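Good morning, colleagues. Please look at the model on the screen, and I shall then take you through it part by part.

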Amino acid sequence: MTGLVPPWEGTRLYMARVDPHLIHGCDVILDIDAGSLTDLELLQCKYIRRLLGVSTRCSRVFLFTETGLVPLNYRRVLLSLGFLAYALAQPPERLVHRALATALRLARDGTPCWITDLQWVLCHLPVAVDVLVTDLGDAACVPGVVDRVHDSLDSHLQTRFQASARSLLLRNRSDGPPSTTTPCPVAQFRPYLRLRIPDHRVTLTRLVFSDHALAAEHLCWYDAQRHGIPLTDRVCRFCHVAVETPVHALLDCRHHAALVSLRDAFFADLQARVPGIGARLRGLSGAAVIQLVLSMRPALALLARFTCTVLALYDRAPIYVPPQFWIVE
Ligand SMILES: [Zn+2]
């Protein structure tokens, strides 16, 4: 369904047509049974993966840091807090206010009820948010609790993102002009997802998500015909020397004439599109070069086209498996 929908429009469609099904009733019915949420979370991730064109091998945290969509467990509890604020603001004669007052009384007495369930859900977020019953019973305190849930979400995504070995090319981003180097929010819709050519956009996305078919990733997939291959032996199919990573393929390998000329043409185009880029790239590591170009909006289309062409070149050659790793019957 989402194969040809551009990601930005796909996220709007998601909020309009999919999200309502995933949050139905969540403001009142709390997720005290974590297992009951699993299927809904899988559906959310499946939609975003199809929208971006990435596989199930990519890290789940990227689905949220790159699109700005909110993980379902956080979205549902935030809506519950919204309902709490609404109920607290109602006049005392309204049934919803009376029901809430009863729940608050039960919670103060230590009896399980909707308020204690809400405390439990907040406490069992990936980064726990501990709140008192008095905080949940005071309309003036609820916005503060909401802010703490947002902080918990940012902290959770940041920790998972930094811990992922696959996030190398997505790190050290900045927003705005180079002189300001404003740090990017941990989760927002990223400019490279607005690229108009689907093949270029998906190929670049898969590359930076470490969801590509270069040897560094491809040779860790299971294959009954070969033994497991350590990363240091997943070498380039052209030079058989360095590990075949995105940085090596895009920037380092010089054992294929077409690859070298493609690279020279890319940097010449880049210099023309972003004057002065050469000085900024000088002295940077390969990963830092890709990180920097990825944060430059005028250079994104060039980077995506270059990536697509280079990976197509690699795809046309058989992947190299060192002979000692083949299983001989
Ligand atoms: Zn090579």
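This is a predicted model: local features need pLDDT of at least 70, side-chain atom pairs count only at pLDDT 80 or more; totals for chains, interfaces and linings use all residues.

Which residues are exposed on the other side of helix 5? They are Leu95 and Arg108. Residues are numbered from 1 along each chain as its sequence is written.

A residue is buried if 20 or more other C-beta atoms lie within 10 Å of its own, exposed if 12 or fewer, and partly exposed in between, with C-beta atoms placed from the backbone. Helices (H or I, at least four residues) and strands (E, at least two) are DSSP runs, numbered from the N terminus. Two residues are in contact if their C-beta atoms, placed from the backbone, lie within 7 Å.

Let me stay with helix 5. This helix covers residues 95-108, and its 14 residues should span 20 Å at 1.5 Å a residue, which agrees with the 20 Å between its end C-alpha atoms; the expected span is 1.5 Å times one less than the number of residues. Its buried residues are Leu100, Ala103 and Ala107. Seen down the axis of helix 5, these buried residues fall within an arc of 60 degrees, so they line one face of the helix. The arc is that of the directions from the helix axis to the C-beta atoms. The cover over the buried residues of helix 5 includes helix 4 (72-88), helix 6 (114-123) and helix 7 (133-136). Just after helix 5, glycine 110 takes a positive phi of about 80 degrees.

Helix 6 can be described in the same terms. Its residues Trp114, Ile115, Leu118 and Leu122 are buried. Viewed down the axis of helix 6, the buried residues fall within an arc of 100 degrees, so they line one face of that helix. Helix 4, helix 5 and helix 7 are among the elements that cover them.

I turn now to the whole chain. It has 329 residues, of which 30% count as buried, and it contains 15 helices and two strands. The C-alpha trace spans about 80 × 55 × 35 Å along its principal axes. Of the contacts with a separation of 6 or more, 68% are between residues 24 or more positions apart.

The chain is divided into domain 1 (7-163) and domain 2 (175-325), with bounds that come from an automatic or database domain assignment. The C-alpha centres of the two domains lie 36 Å apart. How many residues of domain 1 are in contact with domain 2? There are 19, and they meet 13 residues of domain 2. On the side of domain 1 that touches domain 2, helix 1 (7-22), helix 3 (60-65) and helix 8 (142-163) each supply at least two residues. Helix 8 gives the most to that side, with four residues. The residues of this side divide into nine nonpolar, seven polar and three charged. Here Ala, Val, Leu, Ile, Met, Phe, Trp, Tyr, Cys and Pro count as nonpolar, Asp, Glu, Lys and Arg as charged, and the others, Gly among them, as polar.

Next, the largest nonpolar core. A nonpolar core is a set of buried Ala, Val, Leu, Ile, Met, Phe, Trp, Tyr and Cys residues joined through C-beta atoms within 7 Å. This core has 66 residues, and Leu157, Leu204, Val208, Leu294 and Leu303 touch the most other members. Helix 15 (residues 300-315) gives the most to the core, with eight residues. The core draws at least three residues from each of domain 1 and domain 2. Not counting residues up to four places away in sequence, leucine 294 touches Leu169, Tyr192, Val208 and Leu303.

Finally, I wish to point out two loop residues. Most residues other than glycine have a negative phi. Serine 210, however, has a positive phi of about 55 degrees, and is found in the loop between helix 9 (198-208) and helix 10 (215-218). Histidine 240 has a positive phi near 60 degrees and lies in the loop between helix 10 and helix 11 (246-252). Is each residue buried or exposed? Serine 210 counts as buried because it has 23 C-beta neighbours inside 10 Å, whereas histidine 240 counts as exposed because it has 11.
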